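Look over the structure before reading on.

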Amino acid sequence: MKRLTIVMKSASAYLLLFSGLLVASAIAFCAEPERETPIQQPQASPKQATKTSTTETDGMPSPLANEQDKSVCVVYMVSSDRIESSEYKQALADAVQNLRQWYARQLNGVTFRLHEPVVEVIRSDKPAAWFYSHPTIGHPDDRGYNNTLAEASRLLGVQRDDPHHIWLIYSDGPGDKGRGGNGVAIMPEDDLLGLSGKHPKQKDINRWIGGMGHELGHAFGLPHPADTKTHADALMWAGFYGKYPNATYLTEEDKKHLRGSPFFFQSDVTLPAPPSGMEWKLSPASDEFTYTASPDKKPGAFELRWECAFINPWTGPGKTLWSAGHFHVTNGSLAITATRKQGTDGVLTGILTSRDHVQYPAYVEARVKISNQVLASNVWMLSDDSTEEIDVIEAYGGDRPDNQWHAERLHLSHHVFIRKPFQDYQPTDDGSWYWNGTTWRDGFHRVGVFWRDPWHLEYYVDGKLVRTVSGREKIDPHGYTGGKGLTKPMRIIINMEDQDWRSTAGVTPTDEELADNQRNIMWVDWIRVYEGVQTKQIPAQ
């Protein structure tokens with residue numbers, strides 16, 4: 001299909017034309033219980049390849065153009081009279097990751113790949129004013145695009161219709177006109193200000209992420225919709241003004257084109273087949289942790305998804321004391337930390353609970369590196385009344401001799417409860433403790449559960465089906481659910497615990513172990529929630 005080069009109107013012109021589309025969105029804030037110790041200082045993620053790393057070139061050939069085929073390359077071009085902005089750099093990384101997730105939600109898990117490092121910083125020997133003032137062939141509005149492309153070509157070998165890469169280039173040259181098409185999207189300083197929250201008029205960062213998505217869509221070969229009245233809110237028309245991310249969309253024509261693009265792939269998760277007549281849709285409850293967060297600084301992307309406490313006032317089992325000060329998000333991963341409560345034998349640990357619920361049919365998977373502690377590292381789901389529970393992963397990674405058996409196993413289980421009088425059922429068969437010779441604390445692993453229906457669970461480890469629990473005798477043999485099985489909506493919980501069945505047996509962390517930042521962190525690279533939705537029926541032609 002022939003790609004179209006489309007000029008984006010100035011931001012001010014679009015604002016006048018579509019001012020009626022702008023909306024304000026309220027953000028719920030995370031309620032914090034009173035902290036019992038100072039906030040834990042963020043630690044670097046152990047991942048080798050980071051999601052927000054950058055590299056720099058200064059007129060030297062970059063390896064970017066010859067590696068990681070069929071990926072989107074994000075470039076931040078710094079003018080000779082400007083100073084590199086770490087805020088711009090981080091804002092670009094956060095925005096393109098946000099956009100990648102949005103495309104995946106629109107395309108049921110299909111999205112584009114990002115080059116590593118996510119942001120490439122290049123330095124030009126031209127001053128900022130040159131980019132949008134130096135005369136070029138064509139209309140003056142094209143100067144920013146043409147000059148930036150010429151510099152990117154000189155410094156990085158960027159070319160239009162590159163069969164290997166899509167190029168998304170942001171220049172700090174003063175201008176307000178972006179343009180995308182033929183495999184290249186180029187954006188001005190106006191958009192850098194917007195993405196970093198510094199724009200003098202447009203403070204909504206989502207408007208600028210949507211603008212990135214619009215121009216990147218043109219770079220992928222998407223045109224404006226033919227019927228702009230019907231699709232006024234489409235991303236490829238005016239949907240990025242006050243509509244991104246939840247009220248704008250890709251048209252069916254856009255989706256068809258992108259699914260056929262060599263730059264779009266199924267994301268790095270092999271999913272189980274959905275129930276008959278259904279397809280998977282990536283839920284907004286998913287989180288790639290592409291932002292930076294701490295107990296005192298939580299961005300909107302965090303606040304919309306997570307609460308910093310359990311579903312009720314309970315503070316945890318055994319010696320556990322769940323604390324709002326024991327988490328952070330850095331370098332593309334969530335960290336749940338654990339420390340000693342001074343002067344006691346209590347263990348302060350982090351906990352996050354999802355605001356959204358998960359309901360079957362659903363597939364929930366997380367990429368996790370469990371802590372090197374005898375504590376439990378957990379990703380699990382629980383109903384609001386605490387009577388139905390599904391454990392995605394429960395693992396005890398400590399390297400102590402008395403923990404070796406558990407360090408080599410993952411507990412893949414579920415519970416059904418009666419609260420009064422208390423009754424608890426969970427499977428106790430050998431298969432509930434999965435073993436394949438791996439010491440699980442040594443690296444990241446993908447662990448997921450397919451909640452197919454009230455009577456069927458499937459567990460996956462690193463993309464492989466390793467356990468199936470199915471039928472009344474396995475799910476609820478005592479009838480604690482009243483013969484219904486696992487039916488209740490559940491929240492996702494990520495935490496660590498000092499569980500009483502272990503601490504009463506003397507298996508509890510020492511002060512030295514809890515003080516060691518190389519041991520006391522559970523890392524979560526991402527968590528993805530796929531919901532089963534009815535397959536759209538397309539009438540025969």
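Q: What makes the reach of helix α4 close to the expected one?
A: In this predicted model, α4 covers residues 143-156 and has 14 residues. From first C-alpha to last, α4 reaches 19 Å, and 20 Å is expected at 1.5 Å a residue.

Q: Which elements cover the buried residues of α4?
A: The cover includes β3, β5, α3, β6, β7 and β8. Among the buried residues of α4 are Y145, L149 and L155.

Q: Why is R123 called partly exposed?
A: Its relative accessibility is 29%.

Q: Why is E84 called buried?
A: Buried means under 20% relative accessible area. E84 has 19%, so E84 is buried.

Q: How do you know that R123 forms a salt bridge with E84?
A: The closest N and O atoms are 3.1 Å apart. The cut-off is within 4 Å, so the pair counts as a salt bridge. R123 sits in strand β5 and E84 in the loop between β3 and α2, 39 residues apart.

Q: What makes D125 and R154 a salt bridge?
A: Their N to O distance is 3.2 Å, and the limit is 4 Å. The pair links the loop between β5 and α3 to helix α4. R154 is partly exposed, at 45%.

Q: How do you know that K369 has no salt bridge?
A: The nearest side chain of opposite charge, D442, is 6.4 Å away. A salt bridge needs atoms within 4 Å, so K369, though buried, has none. A polar atom of the K369 side chain does lie 3.0 Å from the backbone oxygen of R441.

Notes:
Residues are numbered from 1 along each chain as its sequence is written. This is a predicted model: local features need pLDDT of at least 70, side-chain atom pairs count only at pLDDT 80 or more; totals for chains, interfaces and linings use all residues. Side-chain values use heavy atoms; hydrogens and water are left out. Buried means under 20% relative accessible area, exposed over 50%, partly exposed in between (1.4 Å probe, protein chains only). Lys and Arg count as positive and Asp and Glu as negative; His and the chain ends are not counted. A polar contact is a pair of N or O atoms within 3.5 Å; within protein, one must be able to donate a hydrogen and the other to accept it, and residues adjacent in sequence count only if both atoms are side-chain atoms. Helices (H or I, at least four residues) and strands (E, at least two) are DSSP runs, numbered from the N terminus. The expected span of a helix is 1.5 Å times one less than its number of residues. Contact means heavy atoms within 4.5 Å.
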